[in-house]
Amino acid sequence: MAEALFESVRSQIAQNLSATLDALAGGQTDWVALAGHVLSQLLISVIYLGILLLVYGILISLIRLVVGSRRSSKPWFGQLRTGIRYLFGLGGLLVIMAQFEASPELLKGMARAGLMALGFFVGWLAIGRLLRETMNRYRLEPSIRQLVENLFSVLTVTFAAVTVLSQFGFDVVSIVAGLGIVGIAVGFAAQSTLSNFIAGITLLIERPFRIGDWVTINGQDGKVVKIALRTTWLRTRDNIFTMIPNDNVASSEIINYSAEGATRLNIPVGIAYKESARAARDVIMPVLLAHSEVLQGPGMEPRVVVKTLGNSSVDLEVKIWITPDNLEVQPRIMADVLEKIKEALDEADIEIPFPHLQLFIDDAKGLAPLVQPFYPRSTEQGKGLSAPGDNHE
């Protein structure tokens, strides 16, 4: 019973499959003969592929023997081997397609397209190496190098794709026109992104700052850690990363503290009017000369100058220079120098003033009972009340 049911199901499946294949083939087909033909072509293709692999192995061994083991480890040998593999792979593909009765036009088109693709690959390697050597010679920024390499790769792939498609009868003009229409639509939909992209290219060309520079952009201080095509990355002294759109960067005021090398810091210091500015300078200068992070080269000597005559103090300004590497710790250097200046002035008994407020009360007899216990002589003489008030900061 079970055997009869299984045989019925098998015969029904075979009949349905045969009918389906006949319908796809457009009529009655001898599937046994077809299967034999396919197997024979596959066997012949395998033989051809084996012959190609043997020839490839012999050729690579001969080349390695000629150039030597040391040169065969160079990158150019690997690229040469890749090109030879590509040629043998293309030949194997053409052999297999020829075994399955591909049209001569298709085979010629594939051969031309394959050789053109190889030519583009060789040109990409050669011109790309020349571009890298040129950029290294002129010491271009890493961001500009990456931009040039990416644009060159995109252009090469685009031209290669257009050339390969043209070998198979595609209307390249229509494809390019369609891509242009799509590009216009995408441009309108992504105006902000394209604006940032163009601004990024402008920044990479004009180079108002470089990676590693300390800058102020839109009031934000930080170290430039990355210049991308859409954003510029800053890292603040608090180790906080900020990404600013390149469109905003290109249209804002940029202050670069690292562009010209050493940076000068101006530290305000006030002394009392009774003190001598020269004496204060003599006290402060040894502090500056002894500090390890204050530059003392030609044209960068530390100085102490009188800035202004303030309301309650003689305002001095301490001018020191620091290296670009110390810009990251600039606040710490300023605080350290200011603290040592304060200690030196205290040791020299040079007063650092603070704002005073003095109150004069004239002919205020009604306040005499309150003030008399503290200023008896003033109230007895009847000259009014004159009381210096508490100092207020």
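**Chatting about a predicted model**

Biologist: Hi! Let's start with Asn-326: buried or exposed?
Modeller: In this predicted model, Asn-326 has a relative accessible area of 17%. Buried means under 20%, so Asn-326 counts as buried.

Biologist: Nice. And where does Asn-326 lie?
Modeller: Asn-326 lies in the loop between β8 (314-322) and α10 (330-347).

Biologist: Which residues does Asn-326 touch?
Modeller: Leaving out residues up to four places away in sequence, Asn-326 touches Glu-293 and Ile-333.

Biologist: OK, new topic. Which residues make the nonpolar surface patch of about 530 Å²?
Modeller: That patch is made by Leu-43, Ile-44, Ile-47, Tyr-48, Ile-51 and Val-55. Ile-44, for one, is found in helix α2, which covers residues 31-67.

Biologist: How much relative accessible area does Ile-44 have?
Modeller: Ile-44 has 32%, so it is partly exposed.

Biologist: And where does UniProt place the "transmembrane region" feature?
Modeller: The unreviewed UniProt entry places it at residues 42-63, 83-100, 112-131, 151-170 and 176-205. In the model, residues 83-100 are 94% helix, with end C-alpha atoms 26 Å apart. Residues 112-131 are 100% helix, and their end C-alpha atoms lie 28 Å apart.

Biologist: What does the protein chain average?
Modeller: The average pLDDT is 79, and 75% of the residues score at least 70.

Notes:
Residues are numbered from 1 along each chain as its sequence is written. This is a predicted model: local features need pLDDT of at least 70, side-chain atom pairs count only at pLDDT 80 or more; totals for chains, interfaces and linings use all residues. Side-chain values use heavy atoms; hydrogens and water are left out. UniProt positions are given in the numbering used here, feature names are shortened, and annotations may be inferred rather than shown by experiment. Helices (H or I, at least four residues) and strands (E, at least two) are DSSP runs, numbered from the N terminus. Patches are made of residues with over 30% relative accessible area and no salt bridge: like charges are joined within 9 Å, nonpolar side chains (Val, Leu, Ile, Met, Phe, Trp, Tyr) within 5 Å. Accessible areas come from the Shrake-Rupley method with a 1.4 Å probe; for residues, only the protein chains shown count as cover. A salt bridge is a side-chain nitrogen of Lys or Arg within 4 Å of a carboxyl oxygen of Asp or Glu. Buried means under 20% relative accessible area, exposed over 50%, partly exposed in between (1.4 Å probe, protein chains only). Contact means heavy atoms within 4.5 Å. pLDDT is the predictor's confidence in each residue, from 0 to 100.
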